[in-house]
Amino acid sequence: MFEPKLVYKSPGDQHGPEGKTYSWAGVKTQEELDGKLADGWHLTLGEAIAPKEAPKQTEIPLDDSAPTRSELEEKATQLGLKFDGRTSDSKLGQRIIDALGQQDGMDETSVH
């Protein structure tokens with residue numbers, strides 16, 4: 001036999017400990033209890049007013065893959081490098097690395 005129970009939810013219209021607010025409701029059947037629990041109600045006031053865990057953020061996977069030809073060509077164009085269809089991906093990648101290294105070097109020398 002089901003015994004009537006109280007369930008709690010926060011925030012609500014009642015003032016509770018530490019300035020938190022809550023609501024309470026009575027349930028008379030197991031079906032009512034199951035419905036309230038599914039809607040975010042709790043069996044104890046402590047559970048209702050406890051700090052909620054922040055939703056876990058999904059990790060952004062690291063992209064360790066080599067750049068695509070399209071990405072290489074886009075970066076080379078941004079850097080003003082000359083290339084054509086005969087330029088291999090590895091050679092184009094090395095030119096980009098060299099150009100970026102020269103830019104870093106220029107930035108450091110211009111500061112002094």
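The protein chain in this predicted model has a secondary structure of four helices and two strands. Here are some exercises to work through with the structure open.

**Exercise 1. In what order do the elements of the protein chain run from the N terminus on?**

Solution. Start at the N terminus and follow the chain: the elements run β-β-α-α-α-α. Next, look at burial: of the 112 residues in the protein chain, 15% are buried.

**Exercise 2. Find the salt bridges and work out which residues are linked in a network.**

Solution. A reminder to begin with: side chains of opposite charge can pair when their charged atoms come close. The cut-off for a salt bridge is a side-chain nitrogen of Lys or Arg within 4 Å of a carboxyl oxygen of Asp or Glu, and the count comes to three. Take them in turn:

- E73 pairs with R69, with the closest N and O atoms 2.8 Å apart. Both residues lie in helix α3, four residues apart, which is about one turn of the helix.
- D89 also forms a salt bridge with R69, here with 2.7 Å between the closest N and O atoms. This pair links distant parts of the chain, since D89 is in helix α4 and R69 is in helix α3, 20 residues apart.
- R86 bridges to D84, the closest N and O atoms being 2.8 Å apart.

Putting the pieces together, R69, E73 and D89 form a network of salt bridges. For accessibility, R69 is partly exposed at 21%, and D89 is partly exposed at 40%. R86 is exposed at 76%, whereas D84 is partly exposed at 32%.

**Exercise 3. Which residues gather in a patch of negative charge on the surface?**

Solution. The patch brings together D63, D64, E71 and E74. Exposed means over 50% relative accessible area, so D63, with 61% relative accessibility, counts as exposed.

**Exercise 4. Where is K82 found, and what separates its C-alpha atom from that of R95?**

Solution. K82 is in the loop between α3 and α4 (89-111). With a relative accessible area of 74%, K82 is exposed. Although K82 and R95 are 13 residues apart along the chain, 9.4 Å separates their C-alpha atoms.

Definitions and conventions. Residues are numbered from 1 along each chain as its sequence is written. This is a predicted model: local features need pLDDT of at least 70, side-chain atom pairs count only at pLDDT 80 or more; totals for chains, interfaces and linings use all residues. Side-chain values use heavy atoms; hydrogens and water are left out. Patches are made of residues with over 30% relative accessible area and no salt bridge: like charges are joined within 9 Å, nonpolar side chains (Val, Leu, Ile, Met, Phe, Trp, Tyr) within 5 Å. Accessible areas come from the Shrake-Rupley method with a 1.4 Å probe; for residues, only the protein chains shown count as cover. Lys and Arg count as positive and Asp and Glu as negative; His and the chain ends are not counted. The place of a charge is taken as NZ of Lys, CZ of Arg, CG of Asp or CD of Glu. Buried means under 20% relative accessible area, exposed over 50%, partly exposed in between (1.4 Å probe, protein chains only).
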